[in-house]
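Hi everyone, thanks for coming. Let me put the sequence and the structure up on the screen, and then we can walk through a few parts of it together.

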Amino acid sequence: MRTRSSLNLVGESSPNPTNSNPKRRNRRRSKQPFSLEESPVDTMADHRTMAELLRAPTEGYAEAIVVPPILAEHFELKHSLINMITSDQFFGLEKDNPHDHIRWFNKITSTIKYKDVSNSAIKLILFPFFLAGAARRWLEKEPPRSILTWEDLVSKFINEFFPPSRTTNLRNEISNFEQRFGESIHEAWDRYKDLLRACPHHVFTELHQLDTFYNALNPTDQDSLNSAPT
């Protein structure tokens, strides 16, 4: 027969560590196994082969120049014409004048006549053959399908290789033109015309050009012009 004291002794002599620390019991039960949730992107299967994964991208190779549709039948540019274009290419060097090259390019392409093919389309087709070096790299870096007309192409070409600083320098040379010592009127006039030709967008009127040239001459040559028959 157990007494109350013996029951208490039994309970005190065999304590249950799990029951005696409820906080610890709850912490153990709340521990869950760690797992990563797969996102929808991770679960999408990529069925491409290794060769396809390693293949270089082919996007972004569209040309900057958009050539209008050619409706003529059997249209073909002769190799001799392309060779003529590439014989005097524009490299984009500091000494190169894009205006001179555009004039030369226009002169050549004006002689090409095809039925149902516009001259602008022929220019847009041939122009890339006209460039080399830095000039060709410039065209390759232009955004795809960003040049729609011949006027667009000339404008971008001139702005790239004839910056405003160059225009300012040439305008100053034209305005401050002076006849050199021992230089004849004809030699001075030829040199002055070269400056005007180098900067066709100088915006000087013809009267201003003549006044500038006349004032640049020495007094003897000015008198010769004054006495020349009109």
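For the cut-offs, buried means under 20% relative accessible area, exposed means over 50%, and partly exposed is in between, with a 1.4 Å probe and protein chains only. Lys113 sits in the loop between α7 and α8. There, a polar atom of the Lys113 side chain lies 3.4 Å from the backbone oxygen of Ser110.

Before we go on, a word on what you are looking at. This is a predicted model, in which local features need pLDDT of at least 70 and side-chain atom pairs count only at pLDDT 80 or more, while totals for chains, interfaces and linings use all residues. Residues are numbered from 1 along each chain as its sequence is written, and side-chain values use heavy atoms, with hydrogens and water left out.

Now to helix α7. Helices here are DSSP runs (H or I, at least four residues), numbered from the N terminus. Helix α7 covers residues 98-109, which is 12 residues, and spans 16 Å from first C-alpha to last, close to the 16 Å expected at 1.5 Å a residue. That expected span is 1.5 Å times one less than the number of residues.

Which residues of α7 are buried? They are Pro98, His99, His101, Ile102, Phe105, Ile108 and Thr109. These buried residues pack against α6 (79-86), α8 (119-126), α10 (150-161), α11 (164-175) and α12 (185-198). Contact here means heavy atoms within 4.5 Å.

His101 counts as buried, because its relative accessibility is 12%. Not counting residues up to four places away in sequence, His101 touches Asp88, Gln89, Phe90 and Phe130. Asn106, also found in α7, counts as partly exposed at 26% relative accessibility. Leaving aside neighbours within four places in sequence, Asn106 is in contact with Lys123 and Trp150. Asn106 and Lys123 are 17 residues apart in sequence, with their C-alpha atoms 8.1 Å apart in space.

On to the inside. The largest nonpolar core has 44 residues, and those with the most contacts inside it are Leu126, Phe127, Phe130, Leu131, Leu153 and Phe157. Such a core is a set of buried Ala, Val, Leu, Ile, Met, Phe, Trp, Tyr and Cys residues joined through side-chain atoms within 4.5 Å. The largest share of this core, 6 residues, comes from α12. As for Leu153, it touches Ile65, Leu124, Phe127, Trp138 and Ile147, not counting residues up to four places away in sequence.

A search of the whole structure finds 19 aromatic pairs. Rings of Phe, Tyr and Trp (its six-membered ring) pair if their centres lie within 6.5 Å; planes under 30 degrees apart count as stacked, over 60 as edge-to-face and the rest as tilted. Phe157 and Phe161 make a tilted pair, 5.4 Å centre to centre with 55 degrees between the planes. Both lie in helix α10, 4 residues apart, about one turn of the helix. Trp189 and Phe213 are edge-to-face, because their planes stand at 70 degrees, with centres 4.9 Å apart. That pair links distant parts of the chain, with Trp189 in α12 and Phe213 in α13, 24 residues apart.

Our last stop is α13 (residues 206-216). In α13, the buried residues are Gln209, Thr212, Phe213 and Ala216. Seen down the axis, they fall within an arc of 95 degrees, so they line one face of the helix. That arc is taken from the directions from the helix axis to the C-beta atoms. The face turned away from the buried side carries the exposed residues Leu207 and Asn215.

Notes
Helix = DSSP H or I, 4+ residues; strand = E, 2+ residues; numbered from the N terminus. Polar contact = N/O pair within 3.5 Å; in protein donor to acceptor, adjacent residues only side chain to side chain.
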